[in-house]
Amino acid sequence: NEYDYIDGEALSKLSLKIKNSDSGSNVSVTLSSNMEGMSINLFKPFEKNANEKKYLLIKYNLTNNPKKYIDVSYQDYEMRIYNEINTTYMNISSPSLQGSLVIPGQLSKENPLIAKLQYFDLSDFQGSSDPKIYPDMNISINRARIGDYIFNNMRLSSSKSRDGMTLDHLSFQNQDLSMNASGKWVNISGKQVTFFEGNFSSSNFGKSLKQLGYGDIIKRGKLN
């Protein structure tokens, strides 16, 4: 199945820890694995070949844990996950991604994945993933990095389509440059194609181009 993202098996270690104190007992469970033997069919940095070692650590406290938090460490990613009323909540902290996710039990255009991120380095999330694997999403990013360039107040709304993903809305707003756009990311006969249409507005287009690495094209000027 092309949407089976995890395949294979790996050795793991399961530990049970009981700590007694005057206030009672605290019981926790820990599972750890280097995941050798398992493959993950996702975009970078989560993709993994079966012969690679990538370390996974899962902790769950059986007592003093009313929300039933699960703490997950995967490589540089620290995640806290819990479920509530058919919805999964996730907080993520890593060098390239910081923020929170809300994932409904039944994803749809009316109930999309919602991501509120303080920082997102998109340069670390690359690869040739099929656009059809992505759910309906509403994403807001305070500070996004693509290569050497920073984009502030980025917003993305997307929905699934028959052949890939519809970019219903994509925007950012830097000090001197803002953009509003829409488009599609599709997979046609095994080839990925992106259609994109946008409007730019700038109070100093020359400065904006310089910030994006095209400083020699225009020195000054306004753009609407």
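Of the 224 residues of the chain, 33% count as buried, where buried denotes under 20% relative accessible area, exposed over 50%, and partly exposed the range in between (1.4 Å probe, protein chains only). The model is a predicted one, in which local features need pLDDT of at least 70 and side-chain atom pairs count only at pLDDT 80 or more, while totals for chains, interfaces and linings use all residues. Residues are numbered from 1 along each chain as its sequence is written, and side-chain values use heavy atoms, with hydrogens and water left out.

Among contacts (heavy atoms within 4.5 Å) in the chain between residues at least 6 apart in sequence, 32% join residues at least 24 apart. The secondary structure consists of one helix and 15 strands.

Strand pairing was assigned where DSSP finds at least two bridges between two strands. Strand β3 (residues 24-33) runs antiparallel to strand β5 (residues 56-61), and six bridges join the two. Within this pair, serine 32 stands opposite leucine 57 of β5. Strand β5 is also joined to strand β6 (residues 70-74), again in the antiparallel sense, by five bridges; here leucine 56 has tyrosine 74 of β6 as its bridge partner.

A hairpin of three residues connects β8 to β9, and threonine 87 stands opposite proline 104 in β9. Strand β9 in turn pairs with β10 in the antiparallel sense over six bridges, with leucine 117 in β10 as the bridge partner of glycine 99.

Serine 15 is found in strand β2 (residues 13-21) and counts as partly exposed, because its relative accessibility is 29%. Leaving aside neighbours within four places in sequence, serine 15 is in contact with Ser28, Val29 and Thr30. The C-alpha atoms of serine 15 and serine 32 lie 8.6 Å apart in space, although the two residues are 17 residues apart in sequence.

A nonpolar surface patch of about 310 Å² is made by Leu16, Ile18 and Leu62. Patches are made of residues with over 30% relative accessible area and no salt bridge, like charges being joined within 9 Å and nonpolar side chains (Val, Leu, Ile, Met, Phe, Trp, Tyr) within 5 Å. Leucine 62 lies in the loop between β5 and β6 and counts as partly exposed because its relative accessibility is 46%.

Side chains of opposite charge can pair when their charged atoms come close. A search of the whole structure finds three salt bridges, each defined by a side-chain nitrogen of Lys or Arg within 4 Å of a carboxyl oxygen of Asp or Glu. One of them is formed by glutamate 84 and lysine 67, with the closest N and O atoms 3.2 Å apart. This pair links distant parts of the chain, 17 residues apart: glutamate 84 is in the loop between β7 (77-83) and β8 (87-93), and lysine 67 is in the loop between β5 and β6. Glutamate 84 is partly exposed at 34% relative accessibility, and lysine 67 is partly exposed with a relative accessible area of 34%.

Arginine 80 and aspartate 71 meet through their side chains in a salt bridge of 2.8 Å, N to O. Arginine 80 is partly exposed at 36%, and aspartate 71 is partly exposed at 27%. Lysine 184 forms a salt bridge with aspartate 163, the closest N and O atoms being 3.5 Å apart. Lysine 184 lies in strand β14 (residues 177-188) and aspartate 163 in the loop between β12 (149-161) and β13 (164-173), so this pair ties together parts that are 21 residues apart in sequence. Lysine 184 is partly exposed, with a relative accessibility of 29%.

Aspartate 121, in strand β10 (residues 113-121), is buried yet has no salt bridge. The nearest side chain of opposite charge, arginine 145, is 4.5 Å away; Lys and Arg count as positive and Asp and Glu as negative, whereas His and the chain ends are not counted. Not counting residues up to four places away in sequence, aspartate 121 touches Ser96 and Arg145.

Terms used
Helices (H or I, at least four residues) and strands (E, at least two) are DSSP runs, numbered from the N terminus. Accessible areas come from the Shrake-Rupley method with a 1.4 Å probe; for residues, only the protein chains shown count as cover.
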